Amino acid sequence: MKYGLAALILGGLIALLAAVTRFTAPALNADTVTVELGFTASSTARAAAVDEALLSALERGHVGDELRHRLNRPPHTATLERFWADACEVRQIDFERFARRHNAATATTAGATTAGAPARPPIFSSSSGHRIAGLLQSPASGVDFSSAAAYCRAAGGRLPWAEEWEALAAGAAGRLYPWGDTFTAAPWPYQDSHRNAAQPCATHRSAASPDGVHDLANNAMEWSRGAREVFAWSRRPRPGAHGAPAVRGAARELYALAFSWLEIPPHTRSHHLGFRCVYDRPPPPALPWGALTQTVEIPPGDYPQGAPPDLRLARVATLLPANQQRQARRLVGGRGGENKTRIRVSRCEVSRRDYRAFLNHPLVKFGLFANEHEPRAQDYTPRDWARQLEAPDLPVTGVDWWAADAFARWAGGRLPGVEEWQLAAAGRAANRYPWGDDFDAAAAATGSRPQPAGPEPCGAAARDITAAGVRDLAGNVSEWTRSVTAEGGDYAAWVQGGNYLLPGRPTARSVFGRPVPLGHRSPSIGLRVVYD
């Protein structure tokens, strides 16, 4: 009898082992790709120096919204016509003389117009009553966009487009700084930011461009009309401020980069913001208010713009959510080293067919794969499950984090960590989007497509694939990760990637994610699995 009982128990164990074996076999044959985590080392010493400066600034909390917006400049090329640019920023004395002349003429004209017509506001510099007033050879500052534009227009020129300003600073060679590829702090000799922004032109000749344009990164920041490509569709300038703010001592080597600029409101006036003019033809040597012009000719051609392609980290890290920035150095773990971290990850998002096998497995019904913190009576059945099964090859959606975690355990793996997910999406080249650096509305199944119909089978978006072969990270459905946070006192997990409902440009980025409550079930959130 006892032998019969033992045989029965042994038979039960063998049956259980067989069931587990049947469960594990599909995981061993899962459609996976091996991904090396971490970015390939920057190809040049100049890029490595910028990456290190950015890592240091991120770890110290010096990368606020202003700098993030400044550095968020994808690489591209601008084709420019020949133009001429002032070798120096417009001086305070020249602007004051122009303003007096302009305002007097405006007052005379207004007096001759019909009574009751609105008077044109006078042009002025808010720095005139400031303690830097009287430094007449220093840059004109405290000037808003319209006042600076009026000066340049009267001089026979205009304010530069942002692309022209970058061409002045970076040249056809794509320099990091106006003077070259190595940062120097020499143009900022004072503790006082006002003194650093009020130096006579060419005080630091080593900071000039090879063409002889002075004080582009240092001295006062400068107005531009903003990006010409933006104006092409908006039909109005969105002005920019270029050059390093004198008040920013920390991370100055990042603010001073040629491509580092910021869109600002046109009414802005600052003691650290001035301007220079550009011209479509050479201006006269002297202007009616006594200013002498000294210009540099910039030849036509193609000029590299934005962050150079060999800057790895700078192209991704500034897009990280604020609460992840201090961990940015972990993004480059293993880059260029022998001990690279590798993970095996699902090529595709988990399909409804695979999820059905999970739901039907007897050990799942007994809770063998449940998370130890899982709520009682947890139900793994997705929302609208009967409807989803009508198209079993589409990615499963409508599952909460607990169900996603249990599926990953059942499949013999786990959910990816948020950093693993970001690194897999960015690839060794640190791409802004899984396929590269250019946004393409048709590349992924996002809401930017003309008619988003819903999730698609794996591989339908042919361009939404990384160099390693991982598909649908930018769109289709967003994906749960194992990274749990307790923001606001409620537990949530990071969900990464865009989906067929969200606009593609911001959400298809390799680092895009957001925290979602663990129990949330969405028709646009699914999962994929990592196997250790």
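Two residues are in contact here when they have heavy atoms within 4.5 Å of each other. Keep that in mind as we walk through this model, which is a predicted one.

You will find S346 in strand 11. Leaving aside residues up to four places away in sequence, S346 touches D31, T32, V470, R528, V529 and Y531. Is S346 buried or exposed? Buried means under 20% relative accessible area, and S346, at 7% relative accessibility, therefore counts as buried.

A disulfide is a covalent bond between the sulfur atoms of two cysteines. How many disulfides does this model have? The count comes to three. With the bonded cysteines of the protein numbered in sequence order, they pair as 1-3, 2-4 and 5-6.

One of the disulfides is formed by C348 and C458, with sulfur atoms 1.9 Å apart. C348 sits in the loop between strand 11 (341-346) and helix 10 (352-360), while C458 sits in the loop between helix 14 (418-426) and strand 12 (478-485), so this pair ties together parts that are 110 residues apart in sequence. The link of C348 and C458 is left-handed, with -70° about the S-S bond. C458 has a relative accessibility of 32% and counts as partly exposed.

Another disulfide joins C88 to C201, at an S to S distance of 1.9 Å. Here, too, both cysteines belong to loops: C88 to the one between strand 3 (83-86) and helix 4 (92-112), and C201 to the one between helix 7 (193-196) and strand 4 (221-224), so the pair ties together parts 113 residues apart in sequence. The torsion about the S-S bond of C88 and C201 is about -70°, which makes this disulfide left-handed. C88 is partly exposed, at 22% relative accessibility, and C201 is partly exposed as well, with a relative accessible area of 27%.

The disulfide between C152 and C277 has an S to S distance of 2.1 Å. This pair links distant parts of the chain, 125 residues apart: C152 is in helix 5 (residues 145-154), and C277 is in the loop between strand 7 (273-274) and strand 8 (278-279). The torsion about the S-S bond of C152 and C277 is about -85°, so this disulfide is left-handed. Where do its two cysteines stand in terms of accessibility? C152 has 0% relative accessibility and counts as buried, and C277 is buried too, with a relative accessible area of 0%.

Next, have a look at helix 6. This helix is mostly covered, with nine of its nine residues buried. They are A162, E163, E164, W165, E166, A167, L168, A169 and A170. After helix 6 comes G171, whose phi is positive, near 70°.

Our last stop is the largest pocket, which has a volume of about 950 Å³. Which residues lie nearest its centre? They are N72, R73, P74, R432 and R505, out of the 30 residues that line the pocket. Helix 6 (162-170) is among the elements giving two or more residues to this lining, together with helix 3 (65-71), helix 8 (228-234), strand 6 (261-263) and helix 15 (504-507).

Notes. Residues are numbered from 1 along each chain as its sequence is written. This is a predicted model: local features need pLDDT of at least 70, side-chain atom pairs count only at pLDDT 80 or more; totals for chains, interfaces and linings use all residues. Side-chain values use heavy atoms; hydrogens and water are left out. On a 1 Å grid over the protein atoms alone, a cavity is a set of points where a 1.4 Å probe fits but cannot get out, and a pocket is an open set with protein on both sides within 12 Å along at least five of seven lines; lining residues have an atom within 4 Å of a point. Grid points are joined across faces, edges and corners, and a volume is the space filled by probe spheres set on the points. Helices (H or I, at least four residues) and strands (E, at least two) are DSSP runs, numbered from the N terminus. A disulfide is a pair of cysteine sulfur atoms within 2.5 Å. Buried means under 20% relative accessible area, exposed over 50%, partly exposed in between (1.4 Å probe, protein chains only).
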